[in-house]
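Let's take a walk through a protein chain together. Have the sequence and the 3D view ready, and follow along one piece at a time.

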Amino acid sequence: MTGLRYVYAVCRPFGAPLQAQLTGVAGAPAKMLHHHGLIAVVSDVPERDFAEEPLRAHLEDLDWLAATARGHQQVIDALTAVTTPLPLRLGTVFRDDSGVRVMIEEREEVFLRTLERLDGRVEWGVKIYVEPTGQDDAAGPDAAEAKPVSGRDYLRQRRMRVRAHEDTWQRAERFAGRLHTLLSEHADAARLHAPQNSALSRAAGQNVLNAAYLVPRATSEEFVEIVDRTKGEEPGMRVELTGPWAAYSFVEPAAAEGTESGTQGGASGAQGAGSTGNTGEEGS
């Protein structure tokens, strides 16, 4: 075989077949490498793009990185449909099959422990946004008639806007807290992520809750119904549900990390690639 080995995930052996002609990073077909009772799902990728130095350079190319992330996620999604995968970091690459086998042996204990904890579970993402009002302090649909007639009138209007803004955020925080508590009660685990920057995510409104929930597949339908019932419950708040995903937010760091490349068949350029996060979730 030629090229390097790109590793998507580690999982236990499973009986169901992967999608026919499943392709991943760089359009390469995904295949399974069995070792020590575990499976590494890999693709052959060209050294010209995935050796340490070119990979580091490519990580500065957002278009290349987005295409690579899509290929990575496509394989993870296919695995999630048939088993419980333990996704590795975007850009985890080894010299050859022997390097992948060494990685499995070195982390076998943490792989098995994590897979046992995640078995039969998927990740759901829930976000709450404060909807934009379409107005700001400088102007709005009624800006002309609302123009203050005096300094005192200006200060009064300013205080009202500040008070309304504070009330909205207090209401949003209470709603987010109630929903997070409720959903946590119906999940095996929960993670609160930092709110997303709307300028980067391009989502309308301001993000006040960005959470992930580890939910058994068997009760996922009930979980989704709970989230759906909250939509429209609080005026001016938008609830978004994404998933089911592989349990990115609940993988032990030691299980997901790659190691720095070397000439002895280690991972090439895995460090610095950054966690894949949940690419379909805009990095939940």
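Start with strands β6 (residues 121-130) and β8 (residues 206-216), which run antiparallel and are joined by 10 bridges. Strands here are DSSP runs of E with at least two residues, helices are runs of H or I with at least four, and both are numbered from the N terminus. Look for tryptophan 124: its bridge partner in β8 is tyrosine 213.

A word on what you are viewing: this is a predicted model, where local features need pLDDT of at least 70 and side-chain atom pairs count only at pLDDT 80 or more, while totals for chains, interfaces and linings use all residues. Residues are numbered from 1 along each chain as its sequence is written, and side-chain values use heavy atoms, leaving out hydrogens and water.

Now widen the view. An open sheet is formed by 4 strands in the order β7-β8-β6-β9, with antiparallel pairing; two strands pair if DSSP finds at least two bridges between them. Because β7 (189-192) and β9 (237-245) stand at the edges with a single partner strand each, one side of each has no neighbour in the sheet.

Next, visit helix α5 (residues 108-118), whose buried residues are Val110, Phe111, Thr114, Leu115 and Leu118. Buried means under 20% relative accessible area, exposed over 50%, and partly exposed in between (1.4 Å probe, protein chains only). Seen down the axis of α5, these buried residues fall within an arc of 125°, so they line one face of the helix; the arc is that of the directions from the helix axis to the C-beta atoms. The face turned away from the buried side of α5 carries the exposed Glu109 and Glu116. Just after α5, glycine 120 takes a positive phi of about 75°.
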